[in-house]
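Colleague: I have a model open and want to learn how to read it. Where do we start?

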There are 2 protein chains.
Amino acid sequence: MNINSRKTAPVGVFDSGVGGLTVAREISRQLPNENIVYFGDTARVPYGSKSQNTIIRFSEQIIRFLKTKDVKAIVIACNTASALALDAVRDEFDVPVMGVVIPGARAAVEATCNRKIGVVGTDATVRSGMYTKIIRQMAPDITVVEKACPLFVPLVEEGFKDHAVTREIIEYYLESMRGSGIDAMILGCTHYPLLRSKIREYMGEGIQIVNPAYETALDLKRLLRDREMENDGATEEHSRYSFYVSDAAEKFRRFANTVMPFDVPTTNVVNIEEY
Amino acid sequence: MNINSRKTAPVGVFDSGVGGLTVAREISRQLPNENIVYFGDTARVPYGSKSQNTIIRFSEQIIRFLKTKDVKAIVIACNTASALALDAVRDEFDVPVMGVVIPGARAAVEATCNRKIGVVGTDATVRSGMYTKIIRQMAPDITVVEKACPLFVPLVEEGFKDHAVTREIIEYYLESMRGSGIDAMILGCTHYPLLRSKIREYMGEGIQIVNPAYETALDLKRLLRDREMENDGATEEHSRYSFYVSDAAEKFRRFANTVMPFDVPTTNVVNIEEY
């Protein structure tokens, strides 16, 4: 592939389901010339309760699929897969792969004044301790408090975002974190930004809330520039985003149309187990 | 296989995860001589939000796996897979396959006096309308009210069974059903019996609550007797239950030990996508 075709090649973005669309949206805002191939593993969602071996195997299958679309770089837009699979897959494929954990950790390290950071995420992400490990590598003096909030994803997916029970479940999970003295908090799951205002209301104004999606798009921009793979927009391709899922394409498409700032006309189903 | 080896062959039982253990437990009570091979699809749980095609494909893979264990009959101990996949797989394999929907529907038809039955289940089960279809085939005069309660499974799995929010979420889902005049109610998801006392408290004493697991074990007994495949207990095999999962064996084993009336010493992991 010559350098020009690499520039116009798409970026692959994947997640266990719809959550990574918030990362794809951020990339579309910050890198408007880039083409995106998105894959959501809706047949096997959620990843947050599953084991590392399984999450690595699923991620490898998805990367093999994305490579058939000639992607020039891959973003793991899922905190759980970033935390548990990035180290395993990064050197396995001849395409740069990045996750959301390192960008999110860096933003929190920059945001904290009192050197105390909170991290909320799925069971698997928190059990991995990956955010703590990465933050400590960046700044060994920082204290990190992690908390798994496994009901947040089903609450968002079932439309309970504004129901009174959501406030109670936020209190149940975050009471100890509110008393822990943190001044920055990473929303370490792509669904959680959809509860941002409720979490802010409970945690108070004194805490900076970090959404790793924004920083991830910045990191991707840097990576493409460093490797001279930025799409300079000289081509005429405008069907620039394509969406693939492993199940329930129509349900995904409807959700995507509520998240993405443009119309998502079609979603394609892939039998991901064959990759 | 001669008739004696068929008698001592195990019964295969499968579910999307741990829920079907309540069915396996009921079989172990009512058919104490039978050997059981249980498979829980913990790598791809839950099924309740997924499409029919995907649930059929997953069920076929699991049945192919169970056949390698020489099972003499298979029980789909998952309401969603029973509702969406039983018709597709029943004639595809040379082993009898039964689900939990027909036994559950029959019990509710026998229980109702005023000919009004309620059904609660996952999104996929309720969307399939299978309980209504089966009940109407048995008794066309019966009115069926179905309601999906997608948060019940994560509430049970995350240990919120006795938390105050569970009461509120039960009210949210079941308020209209309580006012609908039903006098029998099917718990159409294997997790829901674990919320039985809370559901009974909310719905009131006037409603008969049907757990399909009990009736399913009775139906299996009948099926084995009709085909002369009942294990008469003459053999000496006592390592009679074996447990397989597609992920997170240790977590499954711990849960199984809280459900089964005997010690579950080991659980084996199977790469189910290979079947």
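Modeller: With one residue and its surroundings. Keep in mind that this is a predicted model. Take B:Asp219. Setting aside neighbours within four places in sequence, B:Asp219 is in contact with B:Met98, B:Pro103 and B:Arg106.

Colleague: Which helix does B:Asp219 lie in?

Modeller: Helix H11 of chain B, residues 212-226.

Colleague: Does B:Asp219 count as buried or exposed, and why?

Modeller: Check the relative accessibility against the cut-off: buried means under 20%. B:Asp219 counts as buried because its relative accessibility is 13%.

Colleague: Which side chains make polar contacts with the side chain of B:Asp219?

Modeller: Two arginines can be named. The side chain of B:Arg106 is joined to that of B:Asp219 by a polar contact of 2.9 Å. The side chain of B:Arg222 also makes a polar contact with that of B:Asp219, again listed at 2.9 Å.

Colleague: Now the nonpolar side. What is the general idea?

Modeller: In soluble globular proteins, nonpolar side chains tend to be buried together. Here the largest nonpolar core has 50 residues. A:Leu174, A:Ile199, B:Leu174 and B:Ile199 touch the most other members.

Colleague: What does A:Ile199 touch, not counting residues up to four places away in sequence?

Modeller: A:Phe152, A:Ile170, A:Leu174, A:Met185, A:Leu187, A:Tyr192 and A:Ile209.

Colleague: On to the interface. How many residues are in contact between chain A and chain B?

Modeller: 31 residues of chain A meet 31 residues of chain B. The area buried between the chains is about 2,500 Å². Carbon and sulfur atoms give 54% of it. On the chain A side, A:Leu151, A:Phe160 and A:Glu273 supply 21% of the area that chain A buries against chain B, more than any other three residues.

Colleague: How many salt bridges does the rule find across the interface?

Modeller: Four. One to inspect joins the side chains of B:Arg57 and A:Glu273, at 4.0 Å, N to O. For polar contacts, the count between the chains is twelve residue pairs.

Colleague: Which helices of chain A each supply at least two residues to the side that touches chain B?

Modeller: Helix H3 (52-67), helix H8 (152-157) and helix H9 (164-178). H9(A) gives the most, with five residues. By type, that side of chain A divides into 14 nonpolar, eight polar and nine charged residues.

Definitions and conventions:
Residues are numbered from 1 along each chain as its sequence is written. Chains are lettered from A and ligands numbered from 1 in the order in which they are written. This is a predicted model: local features need pLDDT of at least 70, side-chain atom pairs count only at pLDDT 80 or more; totals for chains, interfaces and linings use all residues. Side-chain values use heavy atoms; hydrogens and water are left out. Contact means heavy atoms within 4.5 Å. Buried area is the accessible area (1.4 Å probe) that two parts lose on being put together, summed over both. A polar contact is a pair of N or O atoms within 3.5 Å; within protein, one must be able to donate a hydrogen and the other to accept it, and residues adjacent in sequence count only if both atoms are side-chain atoms. Helices (H or I, at least four residues) and strands (E, at least two) are DSSP runs, numbered from the N terminus. Ala, Val, Leu, Ile, Met, Phe, Trp, Tyr, Cys and Pro count as nonpolar, Asp, Glu, Lys and Arg as charged, and the others, Gly among them, as polar. A nonpolar core is a set of buried Ala, Val, Leu, Ile, Met, Phe, Trp, Tyr and Cys residues joined through side-chain atoms within 4.5 Å. Buried means under 20% relative accessible area, exposed over 50%, partly exposed in between (1.4 Å probe, protein chains only).
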